[in-house]
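The following report goes through a few local features of one structure. Please keep the sequence and the model open while reading.

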Amino acid sequence: MQHHPARLIAKKRDGHELTTAEIQDLIGGVVDGSLGDAQLGAFLMAVCCIGMSPQETAALTLAMRDSGRVLQHPRVARPKIDKHSTGGVGDKVSLLLAPLVAAAGVAVPMVSGRGLGHTGGTIDKLAALPGYRTDLSPERFGEVLEACGYAMMAPSGELAPADRRMYATRDISGTVESIPLITSSILAKKLAEGIDGLVMDVKCGRAAFMVDRDDAFALMDSLCAVGRAAGIRMAALLTDMDHPLGLALGNSLEVAEVLAALEGQCPDDLRDVTLALGTEMLLLAGVCADAETAMANLQRLWRDGVARQVFRHNLELQGGDPRVLDDANALGRAPCVVAVEAQGTGFVADVDPLRLGQIVVDLGGGRRQPSDRIDPHVGIVLKHVLGDPVRTGDVLAFVHARTRTDAEAAAARVLAAMPIGEERRKRRPLVQQRMA
Ligand code: URA
């Protein structure tokens with residue numbers, strides 16, 4: 001490093017603004033190892049406590065983006081727009097949205113992550129599709145994008161490598177919850193995809209990264225400002241994560257929900273969030289003049305099966321078995337399925353997404369440690385949502401498990417996560433705020 005690391009760390013600690021050259025030097029040190037683990041931890045803690053100006057956050061984001069390869073897609077003529085969600089329970093939107101938006105003439109180069117904890121990752125959901133490959137080379141990623149309008153890839157070590165070391169260090173140093181660090185971590189990886197625009201789905205609620213609405217708003221604001229400073233078009237929606245999205249929780253169960261949705265059977269909340277995000281993507285791409293036209297186009301492409309055809313094309317290009325489109329049983333099934341029955345009569349008073357997400361993890365459907373293996377077939381399928389009237393004995397949900405013992409333990413916990421009350425509660429609005 002050109003600067004003395006301790007001096008830069010102390011400068012941040014004392015509340016001064018770092019220059020772009022100093023930030024670039026620090027990120028160089030992250031990548032070549034000349035910034036030691038203790039120094040990186042101290043720097044991250046200083047940022048976490050003091051914060052960063054928008055200029056510093058933009059410089060950090062660009063330095064992290066440029067720490068690796070930045071993809072370019074010269075043969076793709078369409079506008080390249082991606083969507084990123086801060087993560088939640090039952091959030092399978094990307095699997096539906098990418099083919100839908102591609103069907104409308106936008107290119108969607110999507111590099112997605114694996115899930116950790118109760119929030120599922122798109123890459124884990126795709127792994128539940130037999131044969132589907134997400135370990136694409138950047139060249140193959142570009143070819144698939146050109147051929148069918150969207151491509152899905154797991155992050156390779158080549159894209160924004162600084163983030164890997166920084167994220168791992170944040171994870172063990174109490175520095176995950178910092179808006180400049182979250183902003184730069186998300187955007188560095190997204191900018192490396194070679195996109196023209198990004199729509200952020202910032203989730204807010206008990207199962208979201210940002211539980212509090214003001215924090216979610218601040219993150220949304222920071223992401224939009226820094227993305228624009230980095231030269232891409234940005235829009236963001238603040239959406240509810242105080243209730244699971246859709247009815248299926250767990251990787252292959254969620255894929256089955258997506259396959260049914262592509263055929264028109266889609267839970268209302270999943271449809272509404274997908275269409276709202278898709279509308280923003282079409283507007284950013286400039287392929288529709290206004291939101292009404294964008295929404296109507298997407299509804300038609302969905303209803304007429306065009307999105308499903310694009311999904312099939314992508315599935316074939318990425319090695320997936322297209323038989324799943326005609327028979328969801330080809331996804332496989334957990335050996336033991338148990339019904340969870342209501343113990344009283346009244347209304348579903350809560351569907352706690354955090355508790356349900358944790359049950360899915362404990363069934364083996366998510367990771368506690370980055371190295372954990374996932375069982376794609378386990379999970380929960382809800383039969384009722386918040387505010388539904390139910391009677392004693394009605395099925396609230398099905399638990400899919402590896403063993404009967406697992407299923408029964410999970411069923412008892414699902415019952416606690418879905419209490420029955422006398423008062424009919426309404427769900428919070430799905431889309432709570434828009435920034436564009
Ligand atoms: N997702 C990321 O990629 N990085 C963060 O810091 C938080 C969420």
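## A loop residue with positive phi

Ala 160 lies in the loop between strand β3 (150-153) and helix α8 (161-171), where helices (H or I, at least four residues) and strands (E, at least two) are DSSP runs numbered from the N terminus. The model is a predicted one, in which local features need pLDDT of at least 70 and side-chain atom pairs count only at pLDDT 80 or more, while totals for chains, interfaces and linings use all residues. Residues are numbered from 1 along each chain as its sequence is written, and side-chain values use heavy atoms, with hydrogens and water left out.

Most residues other than glycine have a negative phi. Phi of Ala 160, by contrast, is near 40 degrees, a positive value in a residue other than glycine. With a relative accessibility of 1%, Ala 160 counts as buried (under 20% relative accessible area, with exposed over 50% and partly exposed in between, using a 1.4 Å probe and protein chains only).

## A buried lysine

Lys 125 belongs to helix α6 (residues 122-127) and is buried, its relative accessible area being 1%. Its side chain makes a polar contact with the side chain of Glu 254 at 2.9 Å; such a contact is a pair of N or O atoms within 3.5 Å, where, within protein, one must be able to donate a hydrogen and the other to accept it, and residues adjacent in sequence count only if both atoms are side-chain atoms.

Leaving aside neighbours within four places in sequence, Lys 125 is in contact (heavy atoms within 4.5 Å) with Asp 91, Lys 92, Leu 95, Gly 120, Asn 251, Glu 254 and Val 255.

## The four-stranded sheet

An open sheet is formed by four strands in the order β6-β9-β11-β7, with antiparallel pairing; two strands pair if DSSP finds at least two bridges between them. Strands β6 (248-249) and β7 (336-341) stand at the edges with a single partner strand each, so one side of each is left without a neighbour in the sheet.

Strand β7 pairs with β11 (residues 395-401) in the antiparallel sense over six bridges, and the bridge partner of Glu 341 in β11 is Val 395.

## Helices α15 and α16

Residues of α15, including Leu 356, Ile 359 and Leu 363, meet residues of α16, among them Ala 410, Val 414 and Ala 417.
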